Amino acid sequence: MSSPLDSFALPESVREHDYVIASYHLTLPTDADVMKRVARFAVGQTTGTWLPVPGLTDEMRRRHEGRVVSVVSVPPLDTLPSDPVATLGYIVRIALPTINFGASLPMLLTTVLGNDSSTSVEAKLVDLEVPESMSSRFAGPSFGVDGLRRLTAVQDRPLLLNMIKPCTGLTPENARDIFRETALGGIDLIKDDELIADAGYSPVVERVRLFTQAAREAAGETGIETIYIPNVTDRPDRMLETAWRAVDAGARAVMATYATVGYGGLEALSESVNVPVLAHFAAAAPYFEGPSTGMSAPITMGLLPRLAGADMALVTTPYGGYPIRPLQYLRTAHQLLLPRPGIAPALPVIGGGVHPGTVQRYISELGTDIVLGAGGAIQGHPDGAAAGVRAMRQAVEAALSGVSAAEAAAAHPELHKAISLWGVLETPASG
């Protein structure tokens with residue numbers, strides 16, 4: 001005989017077992033039966049529908065049914081408020097048996113983001129706790145932080161990245177000239193803009209051939225052979241084929257937009273090519289912008305790309321014009337960098353409004369295991385792209401030496417011009 005307690009469990013009872021713990025935020029009318037609603041949700045996402053069905057045994061429920069492990073009101077009220085309120089918020093944690101979806105990101109997302117509309121609730125997924133028994137089944141980053149540092153021979157500073165502008169319209173030959181000029185500044189990485197992939201007027205393989213030669217030419221002067229990262233985003237079969245052709249032509253890394261190819265597509269790409277993969281966040285905003293549905297930015301742009309095998313992943317920040325909260329930006333970087341059993345860390349790629357005056361701020365908040373992706377601040381430097389790269393390098397050297405960008409600018413004309421144009425993002429005083 002079933003019990004009203006069957007859909008619930010204490011966190012201690014599931015912690016050592018094969019469950020993903022999904023945390024949700026939801027808002028319900030004050031008079032709603034929250035325990036009944038979330039219990040129906042846990043069952044609906046695993047074994048059940050809104051009605052009992054034949055064939056569901058006690059053993060099946062034990063092995064496959066979700067369990068509500070905590071329900072906390074926000075604010076944490078233990079008594080009714082003196083002034084009536086229409087709604088209350090809740091953080092709900094649900095344990096979902098990994099046997100239901102295995103090491104499949106598409107099926108994990110199907111489970112945690114919605115299944116049966118008759119038992120669902122309007123809730124936003126705000127956290128995922130993945131047990132080692134499951135995370136160890138994902139390959140994760142093949143190169144990660146350590147591998148990228150070996151590949152670039154850069155050990156003690158942030159990597160520097162540029163993206164070719166204009167985004168579209170350039171022939172491979174014209175883009176090659178821009179690539180070479182930028183590489184002459186000593187940039188570590190240059191990627192395609194996300195708006196161009198294997199275009200008819202600019203095939204990926206042709207860009208790889210021309211840009212690789214330009215990188216070698218520039219390295220003869222700088223000693224730094226810039227790595228080109230072509231965008232291979234496409235439907236999965238064509239994406240993998242393009243990636244293989246790019247690597248055969250000499251590409252030492254590739255890039256894809258995971259929100260459009262899918263996290264499973266990103267995973268397939270990572271496991272199919274023996275080069276680092278940059279995961280771009282283009283089109284990811286609908287996953288996390290909704291206040292009451294979808295999932296949080298740290299899951300969207302941090303946890304899931306890392307599980308899917310991204311060696312580098314774009315992170316949006318509060319300093320470039322996008323209204324991301326500082327908390328979510330920092331937590332996204334943490335999801336990529338902090339130790340996770342069985343999964344190597346990935347490098348956060350900081351993009352959007354990056355210029356020499358922001359370098360100190362990013363290093364102070366995230367450390368040196370980051371990629372600083374500067375676009376306009378390099379291509380738009382008054383003295384050209386190579387000077388823009390040098391200004392970024394000068395800003396990094398100053399930050400690592402404990403010297404302010406303004407002070408360092410006095411000794412470096414390229415940095416001085418950049419600071420004069422774009423200013424300095426001040427680092428908050430500690431205390």
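1. Helix 13 (residues 297-307) and helix 14 (residues 326-337) pack with their axes 8 Å apart, at an angle of about 10°. Here axes are lines fitted to C-alpha atoms, for helices over the stretch in contact, and angles run from 0 to 180 degrees between N-to-C directions. Helix 13 is therefore roughly parallel to helix 14; angles under 35 degrees count as roughly parallel, over 145 as roughly antiparallel, 65 to 115 as roughly perpendicular and the rest as oblique. Helices (H or I, at least four residues) and strands (E, at least two) are DSSP runs, numbered from the N terminus.

2. The model is predicted: local features need pLDDT of at least 70, side-chain atom pairs count only at pLDDT 80 or more, and totals for chains, interfaces and linings use all residues. Residues are numbered from 1 along each chain as its sequence is written, and side-chain values use heavy atoms, with hydrogens and water left out.

3. Which residues of helix 13 meet helix 14? From helix 13 these are Ala-297, Pro-298, Met-301, Gly-302, Leu-303 and Arg-306, and they face Gln-328, Arg-331, Thr-332, His-334, Gln-335, Leu-336 and Leu-337 of helix 14; contact means heavy atoms within 4.5 Å. The contact of helix 13 with helix 14 is made up of six nonpolar, five polar and two charged residues. In this classification Ala, Val, Leu, Ile, Met, Phe, Trp, Tyr, Cys and Pro count as nonpolar, Asp, Glu, Lys and Arg as charged, and the others, Gly among them, as polar.

4. A second pair is formed by helix 7 (residues 172-183) and helix 8 (residues 204-222), whose axes come within 9 Å and cross at roughly 25°. These two helices are therefore roughly parallel to each other. Their crossing is right-handed; a crossing is left-handed if the near helix is turned anticlockwise from the far one by less than a right angle, and right-handed if clockwise. Residues of helix 7 in the contact include Phe-179 and Arg-180, while those of helix 8 include Leu-210, Phe-211 and Glu-217. By class, the contact of helix 7 with helix 8 holds nine nonpolar, one polar and seven charged residues.

5. Helix 7 and helix 8 also each supply at least two residues of the lining of the largest cavity. On a 1 Å grid over the protein atoms alone, a cavity is a set of points where a 1.4 Å probe fits but cannot get out, and a pocket is an open set with protein on both sides within 12 Å along at least five of seven lines; lining residues have an atom within 4 Å of a point. The largest cavity has a volume of about 90 Å³, where grid points are joined across faces, edges and corners, and a volume is the space filled by probe spheres set on the points. Of the 15 residues that line the largest cavity, Ile-164, Cys-167, Ala-175, Ile-196 and Arg-207 are the closest to its centre. The lining of the largest cavity has eight nonpolar, four polar and three charged residues.

6. The structure holds two cavities of 30 Å³ or more, and the second largest cavity has a volume of about 60 Å³. Helix 15 (359-366) and helix 17 (385-400) are the elements that give two or more residues to its lining, and the largest share, three residues, comes from helix 17. By class, the lining of the second largest cavity has eight nonpolar, four polar and no charged residues.

7. The axes of helix 15 and helix 17 come within 9 Å and cross at roughly 45°. Helix 15 is therefore oblique to helix 17, and the crossing of helix 15 and helix 17 is right-handed. Val-359, Gln-360 and Ile-363 in helix 15 touch Met-392, Ala-395, Val-396, Ala-399 and Leu-400 in helix 17.

8. The largest pocket has a volume of about 510 Å³. Its lining comprises 23 residues, of which Ser-7, Arg-40, Val-43, Arg-61 and Glu-65 lie nearest its centre. Helix 2 gives the most to the lining of the largest pocket, with five residues.

9. A cis peptide bond, with omega near 0°, runs from Val-74 to Pro-75, and Pro-75 lies in the loop between strand 2 (67-74) and strand 3 (87-97). Lys-165 and Pro-166 are likewise joined by a cis peptide bond, with omega about 0°. Ala-153, in the loop between helix 6 (144-152) and strand 5, has a phi near 60°, a positive value in a residue other than glycine.
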